[in-house]
Amino acid sequence: MSVSQLYKHQQLDLSDDEVIRMYKVMNLAQKYDERAFMLQRAGKIPFHVSGMGQYAGQVGMAFAMEAQKDYFLPYYRDYAFVLSVGMTVKDLMLAVFCKAEDVNSGGRQMAGHFGDKKNHIVTGSSPVTTQVPHAAGIALAAKMKKQDFVTFVSFGEGSSNQGDFHEGCNFAGVHKLPVIFVCENNQYAISVPLHKQVAGKISDRALGYGFPGIQVDGSDVLEMYRVTKEARERAVRGEGPTLIEMVSYRLMPHSTSDDDMLYRTKEEVEQNRQKDGIVKFKEYLMECGLWNDELDSELQELQKQEINEATKYADLAPYPKPEDTLLHVYAEGDGN
């Protein structure tokens with residue numbers, strides 16, 4: 001069989017099992033997102049930031065990285081990404097309920113500030129884009145120690161206008177560091193549309209820092225995988241960073257404290273919902289003969305049970321104790 005006769009995932013050396021797993025992670029992230037939104041509206045949790053519309057691209061990128069080897073500095077909408085590299089739905093639920101077992105911060109941080117030592121996920125902070133120079137620093141450590149891991153950092157298009165983004169990119173470009181910068185351009189920075197935030201293409205900014213920038217359709221999971229894999233291979237070869245602009249669309253309000261109908265229409269959102277990457281990838285798997293409606297119904301039911309179990313567990317789990325306020329804040333012991 002010639003390369004032209006192969007399906008795209010086969011051309012990328014992805015197995016049938018791998019692409020089915022990609023689809024499952026996208027769906028699981030979406031189900032978590034929907035449940036968290038409902039929990040906030042019911043007064044069970046304080047706050048939620050949705051990532052709907054961005055999950056296909058996140059999964060494609062995550063599958064191109066090496067879990068528990070590379071280092072990840074995701075931004076607060078990256079539920080599908082962190083699920084792909086080792087976190088669980090229970091982890092996400094414990095975080096959004098602010099419970100003591102939360103692996104991110106022991107229930108002290110906003111749920112989307114992911115942090116998981118065993119999965120090499122480095123926690124971020126509330127000021128946006130501060131994770132970008134941190135990613136460059138971790139990549140510098142890899143280069144100095146002659147280790148072949150790569151650092152991945154993501155952020156929104158609104159925060160790509162912040163100084164931290166430019167400083168991190170410049171430093172990484174000067175030192176040819178093994179880092180992948182990803183701007184998840186979802187068209188809106190809170191209530192500000194893209195045309196009022198950015199002149200030109202975000203990916204073109206990489207040229208000023210001496211490394212490649214590429215704009216990719218974030219609804220195409222396989223293209224996101226291909227581009228990220230190439231960026232990772234480039235970094236491992238010592239050729240420096242890459243900036244990927246993942247163009248997607250935020251299907252939900254900026255957060256549960258936002259009314260998005262004040263700055264866009266229902267018709268605009270619905271038009272973009274029909275182009276969501278999860279819908280497109282399901283159609284692709286069916287065309288390949290790897291998926292059907294019966295399998296999809298089974299998946300939806302299994303994942304619904306998983307979400308229910310995680311929700312119940314997190315709801316009943318204990319909150320942090322007042323005496324544990326400074327736990328993990330200061331180093332313990334004699335420093336040896």
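Leaving aside its neighbours within four places in sequence, which residues is phenylalanine 281 in contact with? They are Val19, Met22, Tyr23, Met26, Val221 and Leu222. Contact here means heavy atoms within 4.5 Å.

This is a predicted model, where local features need pLDDT of at least 70, side-chain atom pairs count only at pLDDT 80 or more, and totals for chains, interfaces and linings use all residues. Residues are numbered from 1 along each chain as its sequence is written, and side-chain values use heavy atoms, with hydrogens and water left out.

Start with the helices. Helices (H or I, at least four residues) are DSSP runs, numbered from the N terminus. Two packed helices are described by the angle between their axes and the distance between the axes. Axes are lines fitted to C-alpha atoms over the stretch in contact, and angles run from 0 to 180 degrees between N-to-C directions.

Take H2 (residues 16-41) and H10 (residues 277-287). They pack at about 150°, with axes 11 Å apart. H2 and H10 are therefore roughly antiparallel, a term for angles over 145 degrees. Their crossing is left-handed: the near helix is turned anticlockwise from the far one by less than a right angle. On the H2 side, Val19, Met22, Tyr23, Met26, Asn27 and Gln30 take part. They meet Ile278, Phe281, Lys282 and Leu285 of H10. Seven of the residues in this contact are nonpolar, two polar and one charged. Ala, Val, Leu, Ile, Met, Phe, Trp, Tyr, Cys and Pro count as nonpolar, Asp, Glu, Lys and Arg as charged, and the others, Gly among them, as polar.

Now turn to H3 (residues 55-64). H2 packs against H3 at about 135°, with axes 10 Å apart. H3 is mostly covered: ten of its ten residues are buried, meaning under 20% relative accessible area with a 1.4 Å probe, protein chains only.

Finally, look at the cores. A nonpolar core is a set of buried Ala, Val, Leu, Ile, Met, Phe, Trp, Tyr and Cys residues joined through side-chain atoms within 4.5 Å. The largest has 77 residues, and Met22, Met93, Leu222 and Phe281 have the most contacts inside it. H2 gives the largest share of this core, twelve residues. Apart from it lies another core of 22 residues, including Leu73, Leu177, Val179 and Phe181.

Key:
Helix = DSSP H or I, 4+ residues; strand = E, 2+ residues; numbered from the N terminus. Parallel < 35°, antiparallel > 145°, perpendicular 65-115°, else oblique. Buried < 20%, exposed > 50% of the residue type's maximum accessible area, 1.4 Å probe, protein only.
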